[in-house]
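Biologist: I am new to this structure. Could you walk me through how to read a few of its features?

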Amino acid sequence: MLDMLKGNYYFEDDQVESDPISREKPYKLKYCIGGQWLESKTDKYMPCYNPSTGEVIAYAPQCTSEEMEAAVQAARAAFPGWSDTPVSKRVQVLYNMKHLVDKHLDELTFILAREQGKKWEEAMGDVLKVNEVVEFACGAPQIMKGESLMNVSGGYDTVLYHHPVGVFAGIAPWNFPAMIPHGWMTPICIATGNCMVLKAASFVPQTSMRLMELWQEAGIPDGVINVITAGRNEAELLLSHPDVNGITFVGSTNVGKHIYATAAANGKRVQALCEAKNHALVLSDCKMERTARGIINAFCGCAGERCMALPTVVVENAIADELVGYLKKFGSEMKLGPAYEKTTDMGPVVNQGHMEFVVNWIQTGIDEGAELVLDGRNPQVPEGCEKGFFVGPTILDHVTEAMSVGREEIFGPVLAVKRVDNFEEGITLMNNSRFANGSVIYTQNGYYAREFSKRTDAGMVGINVGIPVPLGIFGFTGHKQSFFGDLHVMGRDGFAFYTETKCVTNTWFPEDTDEVGEVDTWDGTITSLPKKD
């Protein structure tokens, strides 16, 4: 399958040294603007790793400010023609894209698993989430339909239209290289007639670049989608650029706050999806073994590198020891290995720096007084993965609200267990979090399930569902410091974010009379004005 990985976005540079692990020479990557794959003029390239082995597999350019400007201008130049293209014709490109993603599913899965570290099934799901939103966006002709009312006032009609806005910039994270840039950000944007400048994550750009090639094959006109990798300073230009109408961002809360404040101050639409510390409340009537397996999947899946992971469990004291025993047992059985091997239970984290970050958090939890039940540091891995970036399932018990390990996002396979006496204590503790992405309750009691759904602060709620991520037809509805903005990604919010409304009110005069008639100050649009004496 490695033979597939030589697309338009690669080029060879004789100055690049061979990787010391694989002894192969990594490629350098290009960027795509205006339909052209170009070599950057930058002298700064960021290494992209295979986290399963630790080898460098490519170098991503930190494109220059001039190249970022060119990407924006390519999108701006494409906007008039694309926005004027009938919506039924625009969605034909999305239909084509859906079939191309299906056709190249194994290839895309391998690229993603190799560069990001998700195990095969998770990587395939990441890719299939692209099609989930593509299929939803194909409904644009129906969803973009406006409203109208004849005779809103005597002889007056009003029609409301949904229009495309212009150029949007998508700043994508590294944890979902397919789903977020080419699912959450792009399909609805282009279906509604806008153009996109995608800043792919420099750690994991190859999935996004391969998908860009497929968009081109699907028939997207030049400049409608542009993919670029760049550093923070170059990305900063997008926040105040006069030709960028909106920003969609996924990443850390501190950066999200900055993006929201800066871009909004410059008159742009913004949606910033940020960190989380999702909690599950486990009641004593839960289905114990199924609950434990669900929690293992939710905190170890994607190596914990997702904002809808389940890194914290709040469990009633009556069953806490039993639950922790199951969690330790099931966590110990997880088989770590290369992400692209289909027998692997859990892959690595994305790179060396993030592995060290997660390991440091484990030590912080121990130092704060948590009980280390299962230690994922220095896990056993297969031959060939010794230099990979692996952290095994880790469980910290007796975590209290005073411990930062139970409050802050770790973004790794680390579970904090908090103990409470009852439902009321548990939901109060959960709602004390400054984040509110997802929350879960495990119970067989319908009353408590309903109360939890009503009273939890989180925007995405699971009843015996460990990862309550809505399908693309709904919005991804985080709250508090997990989201900054007014309109969420996907669902009807997504269509509202990428369109603006225009109301047209009209009246027509008969051709066979020159009668002028009286015109009041409201020009006939208020029907309740009293008649003059």
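Biologist: Which hand does the crossing of α1 and α9 have?

Modeller: Two packed helices are described by the angle between their axes and the distance between the axes. Here the crossing of α1 and α9 is right-handed, where right-handed means that the near helix is turned clockwise from the far one by less than a right angle, and left-handed means anticlockwise. This is a predicted model, in which local features need pLDDT of at least 70, side-chain atom pairs count only at pLDDT 80 or more, and totals for chains, interfaces and linings use all residues. Residues are numbered from 1 along each chain as its sequence is written, and side-chain values use heavy atoms, with hydrogens and water left out.

Biologist: Which residues of α1 and α9 make the contact?

Modeller: Contact means heavy atoms within 4.5 Å. Ser65, Met68 and Val72 of α1 meet Glu234, Ala235, Leu237 and Leu238 of α9.

Biologist: Is methionine 403 buried or exposed?

Modeller: Buried means under 20% relative accessible area, exposed over 50%, and partly exposed in between (1.4 Å probe, protein chains only). Methionine 403 has 7% relative accessibility, so this residue counts as buried. Leaving aside neighbours within four places in sequence, methionine 403 touches Glu368, Gly369, Ala370 and His398. Its C-alpha atom is separated by 7.2 Å from that of glycine 365, 38 residues apart along the chain.

Biologist: In what order do the strands β7, β8 and β24 form their sheet?

Modeller: Strands of a sheet pair through backbone hydrogen bonds, either parallel or antiparallel. This open sheet has the order β7-β8-β24, with antiparallel pairing; two strands pair if DSSP finds at least two bridges between them. β7 (147–153) and β24 (499–507) each have a single partner strand, so one side of each is left without a neighbour in the sheet.

Conventions. Helix = DSSP H or I, 4+ residues; strand = E, 2+ residues; numbered from the N terminus.
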